[in-house]
Every structure is written in structure tokens, then in C-alpha cells.
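The entries follow in the order in which I checked them.

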Amino acid sequence: MPMDAELASWVALNQIPGLGNEGLRRLLQTFGDPAHVFATPAHTLKQVVQPAVAEAVAQGWDEAALAPVAIWLDDPQNSIITLADPDYPQALLNIPDPPLLLYVKGRRELLNRPALAIVGSRNATTQGLNNAEAFAQAASAAGLCIVSGMAHGIDAAAHRGGLRGQGSSIGVVGTGLDKIYPAANRELAHQLAQEGALISEFSLGTPPLAANFPRRNRIISGLSSGCLVVEASLQSGSLITARMALEQGREVFAVPGEGGSSRSRGAHQLIRQGAKLVESVNDIIEEIAPQLVRQRGAAAKPEVRQLPQNSSAAVQKVFALLQERSLQVDEIIEKSGLGSAQLLGILLDLELQGYLRQLPGKVYTVER
């Protein structure tokens, strides 16, 4: 994947020290794509982000800092997906805090496949590991991609099971993709890179910082139609993932464990709070089948929404362009031939009527 100027601007903005995802979104919503952000003077940027961050952005990007990324992209296994790309994972567009870009190693097409998250204890029992692997293999055989966090224990077992089926598996990591953590999962990481995928929102070189692992959990749940918890303590990060899944409107499932075991208390608590108790993968498929049908139907033939019959030719042209893929304002202007003032009026009107949704970076997408 070549490192063109547009991609370089996304990567460089993501590398600005002290600029988190919220600040990135504010900049993109205010000034447009990253190239426009970098072209904005510091005094204007300071109205949106902290002064130190504004000064860093106004200095432009450091080509030397981008060199390792360009070298990393020379490997055909590696790519970067930004929020402006047509193959950005559609499931992540529907979560409150979508990552603005994803580093991907492996099969990027898996990111838009129907998926099931499987998470649980790092210090799992033999029965827990067997359950995770068996559920993952059966779900993958049914066509679901298995998403987990590549940690010890349940995560690793879920990945192994997923890789044995047609659905394969995605590992969402809390480090840069040039680092493998934990090191003991090196062989599994290589297998995921070859047969599945590894993804991260964190820049290359990012070490295993404790704060990043809970943050990556929203991507694990966000990519998935449902989240299965297999063994978890009451203070487990798996319960964070389950809570995020619920907040994102995903189904939550739990495998019951041995009564009285600390490793089972998290799953049992989820069941008491309304998570579906599952004994076989069919329990999961039955629950999320309607979502899978909608996802597969959308992948095969996107739903065509009908505008009012009295819509102008210009409105119809803009809407038709956005039904093909999400576009930035400048791209819509170029493809439609409309003036910016007329186009912005059309976009605002369609957004207010619920036909369109604006994403960070002045990217517009059709509401489905």
C-alpha cells in the first residue's frame, strides 16, 4: 500500500503527541480532512485543542517520523485504513468513538465480515480454554469471524478455534503492530497475520501501555454482532468489553462455569443481568441471525433508499454518489460538479431529514 500524501496526513495527525481520539475528531469536524487541519494556523487551532497540541500541528508533520511507516507499508501484508476509505469497517461507524485509522496486518477484507467477539480470563481453566476454542471453531465454521484481543488464556484459545474455520479470526491489539505482546503469543500472531488479521489504532512503536488495553476493547465489541464471555472474574477486562458491547447495541452471551469459582463470577453476574446463557453455538446463531442476514444482504446488495419524488436532479445526483461509498465534501464537489454553497445546502438538508450522516473529516455516508 503506497504512502501517498493523503494517507501521510492521516498518519501524521494520528502521531501528534497529546492529541487523543476526541481531539482528532474535533479537528476533523471543524476543519475537514487532515491536510486542511495541517494548513490551519495555530491561533485558529487553539480554539479547538490545547495550545501545545495546536502548536505541534501547525509545525506540520515530520517526514522522518513517517519513514518507519512507509517502510512498514512496503510489506504487502500491511495496510492502513482511514475513516475516509470505502472499506473502513462499517460496524465501527456505528459506535460512539470509532478509531480514525487502523493499522492492518493480514486480510483487511475480514473487517467487514459478520463477526463474534469471544473474550475471557487470561488465567483460564482447561475447561474454559476448551470451551472458548470449541465455540470459536463452531462459530467460524458457520461463517463468523472470531474477534478477540490476543491475550493469554481465553483470547488465544478463541483465535486458535477461529483460524480453524472459514470465518477466520481478527486480533485487536493494544500496541503498535510492529510489536508482539505478549511475546509468548508470537507464533499465534504470525498465524493470524498469514491466515486472519491483526489490527491496531495505535501508531507503530507504541509499547504495551496499561491504559491502551481497555481502550482497544471497544473495537473488539464494535466489530462484532455479539460478545461471548467465557470465564471472567468480577474485575475482569472482559466485563469492560461486555459493557461496551451493550452500550453499542450488541448482544452479550456467557458460558456458565463452576459454581463458587472466582473465574466464573463475572460470567454468572452477566447472566443475572440479562446476558444470554449459552450451551452451544446454535444459541448464539439463533440470537444474532437477523443481524447476520441484514449484514450479508447489505454486503451483497446495499439497500437503496428512496428520495421523495420531487427531489431535484442535484439532490438525486449527490445521494446516488453517496450510495456508492462514503465521500468527503471535496470529493462530492469534484464528482457532482456542484458549487460548494449549493452542495453544503443539499448535504445539510439530507442530513436533517435523516438520509445522510456526517462523520469526522467532513465525510458523508448514507444512513441505512
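Cys 227 is buried, with a relative accessible area of 1%, where I take buried as under 20% relative accessible area, exposed as over 50% and partly exposed as in between, with a 1.4 Å probe and protein chains only. I note that this is a predicted model, in which local features need pLDDT of at least 70, side-chain atom pairs count only at pLDDT 80 or more, and totals for chains, interfaces and linings use all residues. Residues are numbered from 1 along each chain as its sequence is written, and side-chain values use heavy atoms, with hydrogens and water left out.

I then looked for disulfides, counted as pairs of cysteine sulfur atoms within 2.5 Å, and the search of the whole structure returned 0. Cys 145 is in no disulfide, the nearest cysteine sulfur being that of Cys 227, 14 Å away. Cys 145 is also buried, with a relative accessible area of 0%.

Next I looked up aromatic pairs, meaning rings of Phe, Tyr and Trp (its six-membered ring) with centres within 6.5 Å, stacked if the planes are under 30 degrees apart, edge-to-face if over 60 and tilted for the rest; the structure holds 4 of them. Trp 72 and Tyr 103 are edge-to-face, at 5.7 Å centre to centre and 70 degrees between the planes. Because Trp 72 lies in helix α6 (residues 63-73) and Tyr 103 in strand β2 (residues 101-106), this pair ties together parts 31 residues apart in sequence; I take helices (H or I, at least four residues) and strands (E, at least two) as DSSP runs, numbered from the N terminus. Trp 72 is buried at 10% relative accessible area, and Tyr 103 is buried at 0%.

I asked what the largest nonpolar core contains, a core being a set of buried Ala, Val, Leu, Ile, Met, Phe, Trp, Tyr and Cys residues joined through side-chain atoms within 4.5 Å. The largest has 73 residues, and Tyr 103 is among those with the most contacts inside it, as are Leu 13 and Ile 199. Helix α1 (residues 5-14) gives the most to this core, with 6 residues. Apart from it lies another core of 20 residues, including Leu 144 and Ile 284.

Last, I checked helix α15 (residues 329-336), whose buried residues are Val 329, Ile 332 and Ser 336. Seen down the axis, these fall within an arc of 60 degrees, so they line one face of the helix; the arc is that of the directions from the helix axis to the C-beta atoms. Gly 337 follows α15, with a positive phi near 75 degrees.
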